[in-house]
Amino acid sequence: MSDRDFVVEPSGLIRTVAPSNGATYSMTEVQGLVGGYVEKIPFASNEVEVWANEDGTLIGLASNPVASALAGVHLVGAVLFTAAGRVE
């Protein structure tokens with residue numbers, strides 16, 4: 001994966017994002033991107049980290065078929081895909 005991080009919205013919209021300091025995301029920043037408390041989702045590659053809303057299913061966030069296909073697990077809400085080690 002390149003250093004281009006992206007958020008996949010439930011609608012399928014994919015938007016590139018970058019940490020505000022240019023290097024790493026704060027946990028607050030990640031929470032803002034996924035809309036709540038965050039959970040790191042296991043991923044097949046050690047070079048990529050996947051972050052989703054920890055309470056997304058409980059609070060009824062919409063299914064995210066694109067992020068689910070990329071991650072290989074069912075995900076809901078906005079999902080952040082980032083290079084490994086970019087979240088503090």
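Colleague: How much accessible surface does the chain have, and what share belongs to carbon and sulfur atoms?

Modeller: The accessible surface comes to about 4800 Å², and 55% of that belongs to carbon and sulfur atoms. Keep in mind that this is a predicted model.

Colleague: And how many of the 88 residues are buried, as a percentage?

Modeller: Buried residues account for 41% of the 88.

Colleague: What share of the contacts between residues at least 6 apart joins residues at least 24 apart?

Modeller: That share is 54%.

Colleague: Aromatics next. How many pairs are there?

Modeller: Two aromatic pairs. F6 and F81 are stacked, with 5.0 Å centre to centre and 10° between the planes. F6 sits in strand 1 (residues 5-8) and F81 in strand 5 (residues 79-83), so this pair links distant parts of the chain, 75 residues apart.

Colleague: Are those two buried or exposed?

Modeller: Both F6 and F81 are buried.

Colleague: What about F43 and F81, why is that pair edge-to-face?

Modeller: Their ring planes stand at 80°, with the centres 6.3 Å apart, so the pair is edge-to-face. The cut-off for that class is over 60 degrees. F43 lies in the loop between strand 3 (38-41) and strand 4 (48-53), while F81 is in strand 5, so parts 38 residues apart in sequence are tied together.

Colleague: Is F43 buried or partly exposed?

Modeller: F43 counts as partly exposed, at 27% relative accessibility. F81, by contrast, counts as buried at 2%. F6, F43 and F81 form one aromatic cluster.

Colleague: Switching to charges. How many salt bridges does the structure hold?

Modeller: Three. One of them joins R86 and D5, whose closest N and O atoms are 3.0 Å apart. R86 is in the segment after strand 5 and D5 is in strand 1, so the bridge ties together parts 81 residues apart in sequence.

Colleague: Are R86 and D5 buried or exposed?

Modeller: Both R86 and D5 are buried.

Colleague: Which side chain does E9 meet in a salt bridge?

Modeller: E9 meets R15, at 3.1 Å from N to O. E9 counts as buried at 18% relative accessibility, whereas R15 is partly exposed at 32%.

Colleague: And what does E49 pair with?

Modeller: E49 forms a salt bridge with K40, and their closest N and O atoms are 3.4 Å apart. E49 is buried, with a relative accessible area of 11%. K40 counts as partly exposed at 46%.

Colleague: Back to the surface. Which residues form a nonpolar patch there?

Modeller: I14, V66 and L70, with about 230 Å² of accessible area together. I14 lies in strand 2 (residues 14-17) and is partly exposed, with a relative accessible area of 47%.

Colleague: Last one: what does E29 touch, leaving out residues up to four places away in sequence?

Modeller: E29 touches A18, P19, S20 and T24. E29 is found in helix 1 (residues 27-34).

Notes:
Residues numbered from 1 in each chain as written. Predicted model: local features only at pLDDT ≥ 70, side-chain atom pairs only at ≥ 80, totals over all residues. Heavy atoms only, no water. Patch = residues over 30% accessible without salt bridge, like charges linked within 9 Å, V, L, I, M, F, W, Y side chains within 5 Å. Areas by Shrake-Rupley, 256 points an atom, 1.4 Å probe, with all protein chains shown as cover. Salt bridge = Lys/Arg side-chain N within 4 Å of Asp/Glu carboxyl O. Helix = DSSP H or I, 4+ residues; strand = E, 2+ residues; numbered from the N terminus. Buried < 20%, exposed > 50% of the residue type's maximum accessible area, 1.4 Å probe, protein only. Contact = heavy atoms within 4.5 Å. Phe/Tyr/Trp six-rings, centres within 6.5 Å; stacked < 30°, edge-to-face > 60°.
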